[in-house]
Amino acid sequence: MLIHTGEKPYICEICNNSFRFKGALNRHMLIHTGEKPHVCEICEKSFREKSKLNNHILIHTGEKPHVCEVCDKPFREKCKLNKHKLIHTGEKPHVCEVCNKSFRQKGELNGHMLTHSGERPHLCEVCNKSFRQKSDLNKHMLIHTGEKPYVCDKCNKLFRRKRNLNIHMLIHTGEKPYICEVCKRSFRFDSTLKKHMIIHKREALL
């Protein structure tokens with residue numbers, strides 16, 4: 001009945017945040033205590049919530065149970081699939097009031113708004129470097145922790161960023177997606193193609 005009445009009888013004694021259910025208050029209290037009771041048995045990374053641990057485990061298993069019905073692209077998390085679906089619909093419901101640029105996700109709009117304000121609210125506690133978006137801070141923190149959460153399922157090599165893993169996978173697949181428009185030679189990496197293009201620029205000067 002609390003859902004219908006709107007009543008939130010469970011109150012945090014530290015920040016006065018209120019909750020409908022005792023379990024929600026208990027989970028909230030972990031923010032203040034810093035406790036992370038749910039530990040990954042593979043890499044020992046810890047989490048406040050069991051659901052976060054379950055999502056993390058999928059990194060190790062490689063499982064991606066949520067599949068796009070349009071293009072069959074799989075995702076580990078349902079929320080990531082929902083974001084992906086907007087690519088197919090073309091919908092961009094979140095509009096910047098300053099420049100009218102539109103975005104698929106509210107988080108993208110929030111990050112964009114910081115370009116207008118110049119604000120960098122996410123601060124690294126180790127080196128004091130600041131970032132506009134929390135995701136950029138999270139990527140940066142891996143430099144300090146040394147953590148490399150992305151694992152190649154072919155050779156078990158570890159990577160700090162998903163993009164670097166994707167580039168590495170080209171070694172195993174043999175794919176060379178970067179093609180020279182002049183001589184049609186293909187390359188595995190964008191950087192290699194750029195170096196190759198210098199040859200054609202020199203030839204044009206002769």
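In which helix does H200 lie? H200 belongs to helix α8, which covers residues 190–205; helices (H or I, at least four residues) and strands (E, at least two) are DSSP runs, numbered from the N terminus. The model is predicted, so local features need pLDDT of at least 70 and side-chain atom pairs count only at pLDDT 80 or more, while totals for chains, interfaces and linings use all residues. Residues are numbered from 1 along each chain as its sequence is written, and side-chain values use heavy atoms, with hydrogens and water left out.

The UniProt record, an unreviewed entry, lists "domain: C2H2-type" for several spans, among them 122–149 and 178–205; such annotations may be inferred rather than shown by experiment. In residues 178–205, 57% is helix and 14% is strand, and the end C-alpha atoms lie 24 Å apart. For residues 122–149 the end C-alpha atoms are 22 Å apart, with 43% helix and 14% strand.

H200 has a relative accessible area of 14% and is therefore buried (under 20%; exposed is over 50%, partly exposed in between, with a 1.4 Å probe and protein chains only). Leaving aside neighbours within four places in sequence, H200 is in contact with C180, V182 and C183, where contact means heavy atoms within 4.5 Å.

P121 sits in the loop between α5 (106–117) and β9 (122–123). Its relative accessible area is 42%, so P121 is partly exposed. Apart from neighbours within four places in sequence, P121 is in contact with L114, F131 and R132. From P121 to H88 the separation is 33 residues in sequence and 32 Å in space, C-alpha to C-alpha.
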